[in-house]
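Open the model in your viewer and keep the selection tool ready.

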Amino acid sequence: MFKKLIILVSFALISSLLSGCGQLLSAISNPPKDGKASENTSDAKDKQNQEDVEGATAPQETYQEIEFQPINWINGAPDPQPTPGVWVYTKEKHPGNLEDSFTWDEEDVLLVQIGNPEYEGYEMTPTNLQVIKPDVVRVVVKLEKDEFQTDEKEPARVYMTVKRGALDGKKFIVVDQNGKKLQTK
């Protein structure tokens, strides 16, 4: 019985010492904040935190994108339209000269032709089709001087295929890679 009492007292003594050590370590690590030194440290930390976040940039807005495939015409693209604009060709509505050119049961065709005179004779490459509102698609294009352009300058235009129905009910805004709005009217 005496042995059990000594073990119990020893255990209680060791436990109280260990818990006291933990409190002592905590007090050393986190001194009270009621002195001048702690105010200076706190002010320095606040100033450093403020400097760290100055100039922080919010992320750019991202948009849902529509998958597309630019069309490379082997025998040359069809003649340009008489006016700038955006056309969506579907199985039900497309020019007769395109009848056998596409798998109309699976894809639609988007034609974008801009009217900016400074880009006549340029090649237009689509980079993104961004859904910026449920009914508005932004077409982002890259414009480069067409090295194969003849003397007769044609308007910049591009054809691309999209999944059938992906553009139903949509309106379009066409911009270059710098965000400059291009003429489609």
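**Stop one: the largest pocket**

The lining of the largest pocket comprises 12 nonpolar, 6 polar and 5 charged residues. Nonpolar means Ala, Val, Leu, Ile, Met, Phe, Trp, Tyr, Cys and Pro; charged means Asp, Glu, Lys and Arg; the others, Gly among them, are polar. This is a predicted model: local features need pLDDT of at least 70, side-chain atom pairs count only at pLDDT 80 or more, and totals for chains, interfaces and linings use all residues. Residues are numbered from 1 along each chain as its sequence is written, and side-chain values use heavy atoms, with hydrogens and water left out.

Select Trp-73, Ala-77, Glu-123, Asp-146 and Arg-157: of the 23 lining residues, these are the closest to the centre of the largest pocket. A pocket is an open set of points on a 1 Å grid over the protein atoms alone, where a 1.4 Å probe fits, with protein on both sides within 12 Å along at least five of seven lines; lining residues have an atom within 4 Å of a point.

**Stop two: an aromatic pair**

Why is the pair edge-to-face? The ring centres are 5.2 Å apart and the planes stand at 80°, so Trp-73 and Tyr-159 are edge-to-face. (Rings of Phe, Tyr and Trp, its six-membered ring, pair if their centres lie within 6.5 Å; planes over 60 degrees apart count as edge-to-face.) Trp-73 is partly exposed, at 25% relative accessible area. Tyr-159 is buried, at 4%. (Buried is under 20%, exposed over 50%, partly exposed in between, with a 1.4 Å probe and protein chains only.)

Technical notes
Rings of Phe, Tyr and Trp (its six-membered ring) pair if their centres lie within 6.5 Å; planes under 30 degrees apart count as stacked, over 60 as edge-to-face and the rest as tilted.
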